[in-house]
Amino acid sequence: MFIYTRHSFEKIDALGIEKGDVEQTIKKGMKWKEEKSEKWHARMAAIEVVFMKRNKDFIIITAYFVRG
């Protein structure tokens with residue numbers, strides 16, 4: 001299950017990112033974990049998502065467009 005924080009919901013709404021794109025980025029994108037943190041990143045196409053794993057849930061912290 002995907003759980004969106006208030007911040008993440010406001011951020012994706014402001015940027016015009018679809019929830020489906022966020023979820024596909026986590027499912028299919030390149031993922032890496034921050035050192036000494038429980039935060040994960042996933043990137044696919046021009047979207048990067050920061051999230052945490054809790055059992056079978058993904059807690060979306062933020063999402064944004066990346067350049068390059």
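In this predicted model, strands S3 and S4 pair in the antiparallel sense, with six bridges between them. The two strands form a hairpin that leaves two residues between them. In that turn, Ala45 has a positive phi of about 55°. Further along the pairing, Trp40 stands opposite Phe51 in S4.

Strand S3, residues 39–44, also pairs with strand S2, residues 30–33. This pairing is antiparallel too and runs over four bridges. One of the residues involved is Lys33, whose bridge partner in S3 is Trp40. The hairpin of S2 and S3 has five residues between the strands, and here Lys36 takes a positive phi near 55°.

Glu48 lies in strand S4, which spans residues 47–54. Is Glu48 buried or exposed? Its relative accessibility is 4%, so Glu48 counts as buried, the cut-off for buried being under 20%.

The side chain of Glu48 makes polar contacts with two side chains of the neighbouring sequence region: with His41 at 2.8 Å, and with Arg43 at 2.4 Å. Leaving aside residues up to four places away in sequence, Glu48 touches His41, Ala42 and Arg43, along with Trp32, Thr62, Ala63, Tyr64 and Val66.

Technical notes
Residues are numbered from 1 along each chain as its sequence is written. This is a predicted model: local features need pLDDT of at least 70, side-chain atom pairs count only at pLDDT 80 or more; totals for chains, interfaces and linings use all residues. Side-chain values use heavy atoms; hydrogens and water are left out. Buried means under 20% relative accessible area, exposed over 50%, partly exposed in between (1.4 Å probe, protein chains only). A polar contact is a pair of N or O atoms within 3.5 Å; within protein, one must be able to donate a hydrogen and the other to accept it, and residues adjacent in sequence count only if both atoms are side-chain atoms. Contact means heavy atoms within 4.5 Å. Two strands pair if DSSP finds at least two bridges between them.
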